[in-house]
Amino acid sequence: MLVLLCGAMLTAVATWPLVLHLGSQVPASPWDPFAEAWAVAWDGHALTHDPLSLFDANAMWPLHDSLAFADPLLGYAPFGMLGAGFRAAIIRYDGLFIFTGALAFAGAWALARELGVSRIAALVGGAAFAFAPWRLAQADHLNILSSGGIALSLFLLLRGYRRRSVGTVLAGWIVVAWQVLIGFSLALPFLYLLVALALISCLVRASRTRLRERRMVFASVAGLAVVAVTTASMALPYFEKQHSYPESIRSITVAKFYSPPLSSLLTAPAHERIWGALTAGLRGHLAAPSEQSLFPGLVIVCLALLGLSWAGWPRRVRLGLAAAVVAITVFALGFRGPAGGIAYRLLYDLPGFSGIRTPGRLITFVTLALALLAAIGAQRVLHSVEARSCSRRAIMLTTLLLVGAIVAEGSGSLPRADVLSPPVTMASLPGPVFVLPSNDLDDAEYMPWTAISFQPMVNGISGFIPSEQTRFRTAASTFPAPASIAWLEAHGVRTVVLDRYYSPADPSSLVAGYDPHNAVPNAQMIVAARRAVPLGVTRKTSGRYTIYTLRATTDRPAARPRRKDAGQ
């Protein structure tokens, strides 16, 4: 718990001053964080109100299983049960953002300790995993930052099998299942990694002996059953999504586009304090800089090299970690790896792997191996300091310098986006609700608005654009024309919220430093709000919003269409 608290404090420092704006700002961008804040809020709401309809979320109505359109973050559902409302959803998200860094720090620390590293040196390993510079580029992807469960489960499994502890082994598999619940973006490659580690363990005589013990067999079977049931339950909505929405299936062209070049390993995110500006030239050649800036950190690499070359540590551990770094790095390069990416092609053909959009996110596992080597390297440095000076103060100072250097490389002027508050009457509006203007990116800002009532909402974002959502947006493009109102009424929409002063369709207004409270008049929406409306449609103004209550028609659908019809 002390290490977890230390990780939270370091994360707060690395992302300063986000901790001073909990609930009023989100890190990095005004898009994905809002959608993820909504997802966690929905998880908590659905589990306490209607767990059998967990994936039939209220956003992107009337589509089914809309929670499966991205990583569902179900592992954070207990947090989603705390508090209610829009502001609570944002506070919860900011808190989880700091928690991900803390858990990554504590998990890697514990794993390094299990490998024999001292408590002090293991702090360096924890910092290396939690504050690698490339993580700044993923600051708006909570699902990718949530890698602490990977290190923590490996620690529990390694300790459990070494000490023949049934409880620890079961705990390790439960943490694996928890990582799966967060989402498949990291969990799927992690599951394949566990399979590879299990095969390697079967080749080691000592491991085979432990696995044959009856209680270890019981713990393994029980733990694997938990993971299998969790994975199958999670996978089912994703398979149904691919069946119902063919547009959700990603082609190999997407993975090739996001495959990073070798130079990406030397490229830091733009807002990284030390290397961001120095690597701007390399970053300019990347097709998707936010997904292809994979610099692991100079201090981390140097310490890892010290650890790799230290004869005072078991050779098998050092070479095994080095082999993992090289092999997974080749996979992380995707289709730009050696021989035209033949190695990643082998992964791509595995079940489910074609759904992973960005090969470069495998750098998570490279970083973990580097962090463990860096912890060994830190142990070597501390041994040298101890040999020259018996002063405990010198050892602590050296540790602080190493951890500080890593955190300095992994911190930066992280952009922050202010939240767009909902209309004060949002909870009382009859659903389904449609907020205009609506587009592919910025619907995310509207999603947490429903975090108290969770009435159906047409708006929503995902990794693909459903054809049904395109139809709704096209029909609403001329709102409040009579034909547009009639179409929305016929399809079940009851409330339309029109923002007269802010146009999310303009990406230039959403760059770093964007403040939604600096209302920019949207001439198109202002003119639309002044048009006459058909009889039976009511209109009222609430601040910057004009709220329309449409007529309830007898032929409007009372529920979502069946899955087989949802994509038509």
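Arg-361 is buried, at 11% relative accessible area. Buried here means under 20% relative accessible area, exposed means over 50%, and partly exposed lies in between, using a 1.4 Å probe and protein chains only. Before I go on, this is a predicted model: local features need pLDDT of at least 70, side-chain atom pairs count only at pLDDT 80 or more, and totals for chains, interfaces and linings use all residues. Residues are numbered from 1 along each chain as its sequence is written, and side-chain values use heavy atoms, with hydrogens and water left out.

Back to Arg-361. What does Arg-361 form a salt bridge with? The partner is Glu-291, and the closest N and O atoms are 2.7 Å apart. A salt bridge is a side-chain nitrogen of Lys or Arg within 4 Å of a carboxyl oxygen of Asp or Glu. This pair links distant parts of the chain: Arg-361 sits in the loop between H17 and H18, Glu-291 in helix H14, 70 residues apart. Helices (H or I, at least four residues) and strands (E, at least two) are DSSP runs, numbered from the N terminus.

Glu-291 also forms a salt bridge with Arg-357, with closest N and O atoms 3.2 Å apart. Arg-357 lies in the loop between helix H17 (338-348) and H18, and Glu-291 in helix H14 (residues 289-292), so this pair ties together parts 66 residues apart in sequence. Glu-291 is buried, at 4% relative accessibility. Arg-357 is partly exposed, at 22%.

How many salt bridges does the structure hold? Eight. One of them joins Arg-162 to Glu-114, with closest N and O atoms 3.6 Å apart. Arg-162 is in helix H7 (residues 148-163) and Glu-114 in helix H4 (residues 86-114), so the pair ties together parts 48 residues apart in sequence. Arg-162 counts as partly exposed, at 37% relative accessibility. Glu-114 counts as buried, at 9%.

Next, the nonpolar cores. A nonpolar core is a set of buried Ala, Val, Leu, Ile, Met, Phe, Trp, Tyr and Cys residues joined through side-chain atoms within 4.5 Å. The largest has 138 residues, and Trp-38 and Phe-131 have the most contacts inside it. Helix H18 (residues 363-388) gives the most to this core, with 15 residues. What is Phe-131 in contact with, leaving aside its neighbours within four places in sequence? The list includes Leu-10, Phe-105, Ile-406 and Val-407. Contact means heavy atoms within 4.5 Å.

Now helix H15 (residues 298-308). Its buried residues are Ile-300, Leu-303, Ala-304 and Gly-307. Seen down the axis of H15, they fall within an arc of 105 degrees, so they line one face of the helix. That arc is taken from the directions from the helix axis to the C-beta atoms. Their cover includes helix H5 (119-130), helix H16 (315-332), H18 and helix H19 (392-409).

Last, the sheet. Four strands form an open sheet in the order E3-E4-E6-E5, with mixed pairing. Two strands pair if DSSP finds at least two bridges between them. Strand E3 (433-436) and strand E5 (538-542) stand at the edges with a single partner strand each, so one side of each has no neighbour in the sheet. Strand E4 (residues 495-499) and strand E6 (residues 545-549) pair in the antiparallel sense over five bridges. Thr-495 stands opposite Thr-549 in E6.
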